[in-house]
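I opened the model today to go through its core, its ligand site and its backbone. These are my entries.

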Amino acid sequence: MKKLIKRAKKILLGNRRENYTLPTNNKLYPAQWNWDSAFISLGYSYFNIELAIQELETLIDGQWKDGMVPHILFHDKNTKYFPNHTVWNCGNKIASSGITQPPILVSVLKQILDNNKINKEQKNKVKKLIKKIKKYLEWFIKFRDPKNTGLVSILHPWESGYDNSAIWDEPMSKIQVEKNLKYKRGDIKVVNAEQRPLDEDYDRYVTIKNHFKRNNYNPKKIYKISQFNVVDIGFNSIFLRALKDLVILLKNFEQNFSNLTTYIKKSEKKLIKLYNSKKDTFQNYDVRNKKKINVPSITNFFILYADLKDELFNKNVIKSLKKYNKGNKYIFSSIKPDHKSFEEKRYWRGPIWINCNWIIYQGLKNKDKFFSKYVKKKNYRINK
Ligand code: DGY
């Protein structure tokens, strides 16, 4: 364990740039990514609380005037990443992408504050952060759930963080790819193409992105016209948990939260309906094409992380989770191995992701102590 912590520290500090940290130290991701940054901050908090707060401050510095926090911040303009800052051509104080990512930073911040004592100066910093984070979550309610249904949409697979997950196969197959698309992928020069999304995926990613750009990333407009509009269980679970954690933070910092509680109740009711315990199926929803999506992805189990107040429901979900990777050496594969879309090595179509395991563990630990311990132990083994 000590060795593992030493290695983790070394990697984090090695990936650190001025006031922010790269998700990897190679050429694949030479910028600051929204949800990666939150996990990075959590890592720092175990040995340097200042760095932990700074990582989140830098992320929030990229916030747009309307409240959105972009999925990528391009602090360094001199990189070979595609799509880079000129391709997106947007941002507020910092050049950025024009879409967002799961707002896990809220719950990470709460966890950091639960586990650490902070001084007065740090408290002031956190107070400022919380105000901006509130604006960020309100942005989701306003622009990603304009009909106030209780569930928010994502408008690009990159917004989920699980880019080429099989959950998106159906909605992505409907995208009308732009004619004469011209772009060059940078990722497959750095990583084996067998482990990355396909060219046809990229054509669609770029098409959606270009469409948003032509509409100046206007949040109201792109919700209406986007070719991709999906209500995803994993994303909504992170969002609901973020709202709940934010309310606690706002209370602790004596700020107003009353406008969030009605939405939380609505969201709680809606989310629970997306799992059918009799059939043991999760149902994501393709809003654009009005179709249900049935793909066994580990991200569906993030519903445990949402901490829904229904013991029987949670029990059934855990029962299903126990069968998910039954007999497999490692847990949890991004897609269930017996599903037709499973590909052992391709990015989000099979490989295990440590952040998913962490989310699942956090969702389990107050519901099934024994199983949560098992998950934690198995998780450490991956790193050996
Ligand atoms: C990438 O470039 O692979 C990223 O995941 C997009 O955010």
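My notes follow, topic by topic.

**Ground rules.** I am working with a predicted model, where local features need pLDDT of at least 70, side-chain atom pairs count only at pLDDT 80 or more, and totals for chains, interfaces and linings use all residues. Residues are numbered from 1 along each chain as its sequence is written, and side-chain values use heavy atoms, with hydrogens and water left out.

**Core.** I looked up the largest nonpolar core and found 119 residues. Such a core is a set of buried Ala, Val, Leu, Ile, Met, Phe, Trp, Tyr and Cys residues joined through side-chain atoms within 4.5 Å. Buried means under 20% relative accessible area, exposed over 50%, and partly exposed in between (1.4 Å probe, protein chains only). Among the residues with the most contacts inside this core are Ile104, Phe332 and Ile359. Helix 12 (residues 233–252) gives the largest share, eleven residues. Helices here are DSSP runs of H or I, at least four residues, and strands are runs of E, at least two, numbered from the N terminus.

**Helix 15.** I then turned to residues 354–364. Ten of the eleven residues of this helix are buried, so helix 15 is largely enclosed by the rest of the structure. Its buried residues pack against helix 2 (34–45), helix 5 (105–115), helix 12, helix 14 (311–324) and helix 16 (369–382). I checked Ile359, one of the buried ones. Beyond its neighbours within four places in sequence, Ile359 is in contact (heavy atoms within 4.5 Å) with Trp35, Phe39, Ile104, Ile238, Phe302 and Tyr305.

**Ligand.** I listed the residues around the ligand (a heavy atom within 4 Å): Tyr29, Trp33, His71, Tyr81, Trp158, Asp163, Arg196, Tyr202 and Tyr347. Polar side-chain atoms of Tyr29 and Arg196 each lie 2.8 Å from a ligand oxygen atom. For Tyr81, the distance from a side-chain N or O atom to a ligand oxygen is 2.5 Å. Alone, the ligand exposes 230 Å², and the protein buries 96% of that; areas come from the Shrake-Rupley method with a 1.4 Å probe.

**Backbone.** Most residues other than glycine have a negative phi, and most peptide bonds are trans. I noted a cis bond between Phe82 and Pro83, with omega about -5°. Another joins Ile331 and Phe332, with omega about -15°; Phe332 lies in the loop between helix 14 and helix 15. Asn148 has a positive phi near 50° and is partly exposed at 36%. Asp307 has a positive phi near 55°, but counts as buried at 17%.

How values were computed:
A polar contact is a pair of N or O atoms within 3.5 Å; within protein, one must be able to donate a hydrogen and the other to accept it, and residues adjacent in sequence count only if both atoms are side-chain atoms.
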